[in-house]
Amino acid sequence: MILFRREKYLSRIRGFYDACDLIKVISGIRRCGKSSLMHTIAEELKEKGVPEENLIFYNLDKYGYKDIHTPQQLEELLFSNQDIKGIKYVFIDEIQNVKDFEPVINALREEEEYSIFITGSNSYLLSGELATKLTGRYIEFELFTLTYDEYKEMKKFYNKEINSDGVLEFDNYIIEGGFPRTITLDSRFEKETYVKNVLQDILKKDIRYRVKIRNLEAFTLVQNYIINNFGATTSISNICNDLNKAGHKITRRTVSTYVQALVDAKVISECKRFDMKSRKSLKNEKKYYLADTSLYYANNNDHRINYGPTLENIVYNYAKSMGYEVSVGKIGNLEVDFIVRDIENNYAYLQVALTIENSTKTEDREYRPLEKIKDNYPKYVLTRRDLIQKRNGIKHANIIEFVYDKKLFD
């Protein structure tokens, strides 16, 4: 099967294809396409002339490998290919199935003739344990669900119908989301069922792997609260208080544990708030964005789009997919939706809204925080379908077009 090539990620990894001194860790929420990305890397290596026997795949969840659970079994499996000449490219899926796999993987790395790629349960790989045990020996590439530009490109690739009305197609993306498998499904019901199953799988295979959930009802309450309030400024104390006021007895510690479990499993992403005057993070106040907007719409019967947080979520995920650091900015009593920073310490400021037309008050609300910022970094107001305007050097852009523009810092 010919795979859709996710160029924004491949372009970052290509320079490390032959790096035998570094383990390549591909992370991301379950079903975001990590295994397919590894197979795409193998396709590119084959096109470069790498013999097929040098491309070695192990999916530890599949028949033939699912009984490998100990470091000894893993070592025996991995070192069975020593007779192959040249660099051996080893791709290991679901590495967390083997407890204490790190010394084995590191020993393989030290052979200096293996280029190693691994994926696995994010609640393990991203918990900090891997960083402790393989310090300086790996490089991580975080994979996200499809951004809108990828969503349309992948639909074209698989000859799926694209709505000729760009705004309606964008709204389809909001509800259906960007899990790659949903592109191949036809009905809205099938897509929603798939997304619900993804969330259930994450609970069973990732979250319960690490967290002892004694009260499933309490966990579900916290999960639903976070999903239904994505994009809102909140804190662990606020969540705990709101749930207790609704008649659910739950401790702050339990809420904190469950929220962290959702973060570790990549269901949600924590976006910290930053005071631009004091240059300090506001520790207790955060926003949580969803790995994919479909997680909200698949779990709510009402499909009317809540554009405010949804558009923010899409812009946030797009910025993260480009490798940018993202935070929420506070300047006095005003708020900047996103402060974005690239690897070269270039900054940009983004305000996101459904529309600024037909209301001077709304327009002022979006522009005023940006006008308070005195540096010369790019500033944007992003809306869904407004006529483009200009004001005090601030760039006004259409969100739908913005996610195709890779020149954020120009």
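Start by selecting residues 216–228, helix H10, together with residues 236–245, helix H11: the two pack at an angle of about 115°, with their axes 11 Å apart. (Helices here are DSSP runs of H or I with at least four residues, strands are runs of E with at least two, and both are numbered from the N terminus; axes are lines fitted to C-alpha atoms, for helices over the stretch in contact, and angles run from 0 to 180 degrees between N-to-C directions.) That angle makes H10 roughly perpendicular to H11, where angles of 65 to 115 degrees count as roughly perpendicular, under 35 as roughly parallel, over 145 as roughly antiparallel and the rest as oblique.

Before you go on, a word on the model. It is a predicted one, in which local features need pLDDT of at least 70 and side-chain atom pairs count only at pLDDT 80 or more, while totals for chains, interfaces and linings use all residues. Residues are numbered from 1 along each chain as its sequence is written, and side-chain values use heavy atoms, with hydrogens and water left out.

Stay with H10 and H11, and show side chains. On H10, pick Leu-221, Val-222, Tyr-225 and Ile-226; on H11, pick Asn-238, Ile-239, Asp-242 and Leu-243, and you have the contact (heavy atoms within 4.5 Å). Colour these residues by class and you will find 6 nonpolar, 1 polar and 1 charged. (Ala, Val, Leu, Ile, Met, Phe, Trp, Tyr, Cys and Pro count as nonpolar, Asp, Glu, Lys and Arg as charged, and the others, Gly among them, as polar.)

Next, select H7 (residues 148–157) and H8 (residues 166–176), whose axes come within 11 Å and cross at roughly 100°. H7 is therefore roughly perpendicular to H8. From H7, Tyr-148, Tyr-151 and Lys-155 meet Gly-166, Glu-169, Phe-170, Asn-172, Tyr-173 and Glu-176 of H8. This contact holds 4 nonpolar, 2 polar and 3 charged residues.

(On a 1 Å grid over the protein atoms alone, a cavity is a set of points where a 1.4 Å probe fits but cannot get out, and a pocket is an open set with protein on both sides within 12 Å along at least five of seven lines; lining residues have an atom within 4 Å of a point.) The whole structure has 1 cavity of 30 Å³ or more, and about 80 Å³ of space lies in the largest cavity.

Now centre on Arg-31, Gly-33, Lys-34, Ser-35 and Ser-36, the closest to the centre of the largest pocket among its 36 lining residues. This pocket has a volume of about 970 Å³. H2 supplies the largest share of the lining, 8 residues. By class, the lining has 12 nonpolar, 11 polar and 13 charged residues.

For the last stop, move to the second largest pocket, with a volume of about 840 Å³. Select Gly-323, Tyr-324, Glu-325, Val-326 and Arg-341, the closest to its centre of 36 lining residues. Strand S7 gives the most to this lining, with 5 residues. Here the classes are 19 nonpolar, 3 polar and 14 charged.

Definitions and conventions. Grid points are joined across faces, edges and corners, and a volume is the space filled by probe spheres set on the points.
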